[in-house]
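Hi there,

Here is the structure I promised to pass on to you. Have a look at it first, and then read on for what turned up among its charged side chains.

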Amino acid sequence: MLQILYVSTANPALGPVDPGPILEVSRLWNEGDGITGLLYSDGMRFLQVLEGPQAETAACMARIRRDRRHKAVVELSRRAIEERQFGDWAMAHRGPGDEAETFIARVDAMVAGASLGVRATFEGFVRERMRSGRVRRQAARA
């Protein structure tokens, strides 16, 4: 099995992206290909881990690279795995009114069974996005 971890930015020409419809379509496609994983999005940044059969997972990553909604797709890791760390598709998306600490705890629970590298990447990325979001909101109010 293959696991790919990547980060990307939403194409600024298209504006913020609603990740809900993306996840719905991804679940349909990926279920047929035997791909599972975790997607974090705040509408402007994506962090995703994909895992599944080698050819299908590589093809999925190639589709993501061609998708106009993504800009600056950076593959953080690509490795062979013996068993899935994410048996189901999940998405971590912070909605209006979600408290930062509650959201971070939810992401931590989602990645609890992942390898140390994947877990640290998600936990660090989400915490940084929460911190930078607070900084932007505070600057906007000033």
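Is Asp 108 buried, exposed or partly exposed? Asp 108 is partly exposed, with a relative accessible area of 22% (buried means under 20%, exposed over 50% and partly exposed in between, with a 1.4 Å probe and protein chains only).

Some background: this is a predicted model, where local features need pLDDT of at least 70, side-chain atom pairs count only at pLDDT 80 or more, and totals for chains, interfaces and linings use all residues. Residues are numbered from 1 along each chain as its sequence is written, and side-chain values use heavy atoms, leaving out hydrogens and water.

Now the salt bridges (a side-chain nitrogen of Lys or Arg within 4 Å of a carboxyl oxygen of Asp or Glu). There are five of them by this rule.

Asp 108 pairs with Arg 127 in one, at 3.0 Å from N to O. This links distant parts of the chain, with Arg 127 in helix α4 (residues 116–141) and Asp 108 in helix α3 (residues 100–110), 19 residues apart. Helices (H or I, at least four residues) and strands (E, at least two) are DSSP runs, numbered from the N terminus. Arg 127 is partly exposed at 37%.

Another salt bridge joins Glu 75 and Arg 65 at 3.3 Å, N to O. Glu 75 sits in strand β4 (residues 70–80) and Arg 65 in helix α2, so the pair ties together parts 10 residues apart in sequence.

Finally, Asp 33 bridges to Arg 63, with the closest N and O atoms 3.9 Å apart.

Best wishes
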